[in-house]
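I opened the notebook to look up a few local features. The entries follow in the order I checked them.

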Amino acid sequence: MQAGVIAVQGDVAEHAAAVERAAAAHDEPAEIVEVRDSGIVPDCDALLMPGGESTTISRLIHREGIAPEIRDHVASGKPVLATCAGLIVCSRDAKDDRVDALGLVDVSVDRNAFGRQKDSFEAKIPVTGLDDPFHAVFIRAPLIDEVGGGVETLATVDGRPVAVRDGPVVATAFHPELTDDSRVHDLAFFPEREVVA
């Protein structure tokens, strides 16, 4: 599996390590490539849209010609995991004119709705498809405030969606890459496969 991490800005190394752990659990080799320019995404089997600054990520993926390649990737049914700022960029409506949202996930999102850096928190949350709760890390997390009809809510905090699936895209308001638990990456990229013991 070749997994591309959109590396224009954000948590690149952490996501790469999480994908490698998830692939190893399925006895699958994984090659991680950092995507900073157009021409790389078409060769990827899976993509990660990391956290970071959504306005910067949006500006750079459009400037570098990566945005249409990401849309084509999803249109062909290939998986994407979008976390925190990645969720904002992949949303239908980022509620911020500085973010040219890709429209890959039929949700609207409020940036930093869970608060500023000082309001960051961690919580164990049940996630559909995982047997045990996931230790989620929320840092300046966005709030999913509207979910379209075809979107599956995978996890909530205080009744608000924090993880969703829309076709081949899994998007989270939290940072699953900041723990040693790669189950959210596994859920995004290997949803139908058994873990090799």
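Is Asp-158 buried or exposed? I found Asp-158 exposed, at a relative accessible area of 69%. My cut-offs: buried is under 20% relative accessible area, exposed is over 50%, and partly exposed is in between, with a 1.4 Å probe and protein chains only.

Ground rules next. I am working with a predicted model, where local features need pLDDT of at least 70, side-chain atom pairs count only at pLDDT 80 or more, and totals for chains, interfaces and linings use all residues. Residues are numbered from 1 along each chain as its sequence is written, and side-chain values use heavy atoms, leaving out hydrogens and water.

**Entry: backbone of two aspartates**

I looked up phi for Asp-158 and got a positive value of about 55°, although the residue is not a glycine. Most residues other than glycine have a negative phi. Asp-158 sits in the loop between strand 10 (152-157) and strand 11 (160-166). Helices (H or I, at least four residues) and strands (E, at least two) are DSSP runs, numbered from the N terminus.

I then checked Asp-27. Its phi is positive too, about 55°, and Asp-27 is not a glycine. I placed Asp-27 in the loop between helix 1 (12-25) and strand 2 (31-35). Asp-27 counts as exposed, at 63% relative accessibility.

I traced an open sheet of seven strands, in the order 2-1-3-4-12-11-10, with mixed pairing. Two strands pair if DSSP finds at least two bridges between them. Strand 2 and strand 10 are the edges, each pairing on one side only. From one strand to the next, the twist averages 20°. Angles run from 0 to 180 degrees between N-to-C directions, and axes are lines fitted to C-alpha atoms, for helices over the stretch in contact.

Strand 10 pairs with strand 11 in the antiparallel sense, over five bridges. Glu-152 has Arg-165 of strand 11 as its bridge partner. Helix 1 packs on the sheet and touches strand 1 (2-6), strand 2, strand 3 (46-49) and strand 4 (80-83). Contact means heavy atoms within 4.5 Å. The direction of helix 1 makes about 155° with that of strand 2.

**Entry: Ser-108**

I located Ser-108 in strand 6 (residues 105-110). Ser-108 counts as buried, at 1% relative accessibility. Its side chain makes a polar contact with the side chain of Asp-145, at 2.4 Å. A polar contact is a pair of N or O atoms within 3.5 Å; within protein, one must be able to donate a hydrogen and the other to accept it, and residues adjacent in sequence count only if both atoms are side-chain atoms.
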